[in-house]
Amino acid sequence: MKMDLPPKVKYIIDKIYENNYEAYIVGGCVRDAILGFEPNDYDITTSATPKVIKEIFRDFKCIDIGIEHGTVSVVIDDDIYEITTYRIEGEYKDHRRPENVDFTSKLEEDLKRRDFTINAMAYNEKEGLIDLFGGNIDIENKIIKTVGNPYNRFNEDGLRMIRAIRFSSKLNFKIEDNTLLAIYDNAQIIKNISLERITDEFNKIILSNKPENVIYLFKTKLLNYLNISSEEDENKIAELYKKISILNKFDKVLVKRLVALDYLIKELNINCNSFCKELVYSKKIIKNHNIILILMKEINIKELNKVKVKKILNRIDKSLFEEYLDISRVIYEDEKNFAKIIYILKEIEENNECYTVKNLKVNGKDIMALGYENKAVGEILNYLLKEVIIKPGLNEKSLLIEKIQEI
């Protein structure tokens, strides 16, 4: 098997070999190259120790962050390449990280500590593909399988259970039976994993091309041990699986897919807390998620007209309203009303119709000049806005002044 390595990656590997040490690209970049994808980055593994790597690349900037785990980052023309010494990991005490990391000169020892067979391959142009655990065959058969005993791999790092689901979603692969059984049997280990790490993997699942695989989080009871779900009704979970593929009809926008997922769960009365509430998200994502979800609950797209649309735009950002519209379009399969509201939005924009106080043709100073002050100023502005939303042509300064004088 021949892979085309980027010139700088080839340079690094060749330079390490010139100094009588081994070096390979390893892990996800090998997997992606076999699958025909362009790797996002290239991890390099080597028999040389970090100290030796720093000496070999002494003419380049070397970054020591991660050096305690054997990783040195070498900067070449502003590109950063991580070079990691072959490692043997000690006993895992907390299902998250090894007690210690030791260096080894044997590539096999490094590869057998990795999570899945498809991620445990190495390659260089001198030796070709190094596949000691059948990763290439598993790629051909579209299977996610652990390296060695799945119970051992998951006990080492409980996050690997969710990573198995994530890779099955990303690649549209089947989780091998023994590996899946081990997830069922070891689900309680997930309690030891940080919510930040879990959130990252969860996001990759629902933003994948097969977001319906999130159902495995329910089936294996992983969500139960995270105190997110307590649903035991298998019929409800089966019904969710039938509907959840609808997520694929949305853009890969995190907030939209989070809202749609939570909405479907509530519609089916599944005992599950909001993912956005229970996992770790920024204040902005939480706020936007909650706003759109409230719109989904309170507003029927069929009942919207221009006045109601402008009242909504007065409360929320236009982009959030458009995301609500798209979610409603997909969930209710309502292209007709979606198109109607999009046309209304276009009309409002083209006609520059006012729906916020700041776009009124009068301001607080104008109202104070008429003898009003304090709380009355705001009340009059809000009154005028309500009138203008109904009658856009009223938004002229002279007409608004006359309206005030009629009060």
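**View 1. Helix 1 lying across the sheet.** In this predicted model, helix 1 (residues 7-18) lies across strand 1 (23-26), strand 2 (43-46), strand 4, strand 5 and strand 8 (122-124). Helix 1 runs at about 145 degrees to strand 1; axes are lines fitted to C-alpha atoms, for helices over the stretch in contact, and angles run from 0 to 180 degrees between N-to-C directions. Helix 2 (residues 28-35) packs on the sheet too, touching strand 1, strand 2, strand 8 and strand 9, where contact means heavy atoms within 4.5 Å. Its direction makes about 65 degrees with that of strand 1. Helices (H or I, at least four residues) and strands (E, at least two) are DSSP runs, numbered from the N terminus.

View 2. Seven strands line up in the order 3-4-5-2-1-8-9, with mixed pairing; two strands pair if DSSP finds at least two bridges between them. Strand 3 (61-63) and strand 9 (128-130) sit at the edges, each pairing on one side only. From one strand to the next, the twist averages 35 degrees.

**View 3. Strands 4 and 5 up close.** Strand 4 (residues 71-76) and strand 5 (residues 79-85) pair in the antiparallel sense over six bridges. Look for Ile-76 opposite Asp-79 in strand 5.

**View 4. Helix 13 meeting helix 17.** The axes of helix 13 (residues 254-267) and helix 17 (residues 318-331) come within 10 Å and cross at roughly 45 degrees. Val-255, Lys-256, Val-259 and Tyr-263 in helix 13 meet Glu-323, Asp-326, Ile-327 and Ile-331 in helix 17.

**Notes.** Residues are numbered from 1 along each chain as its sequence is written, and side-chain values use heavy atoms, leaving out hydrogens and water. Local features need pLDDT of at least 70, side-chain atom pairs count only at pLDDT 80 or more, and totals for chains, interfaces and linings use all residues.
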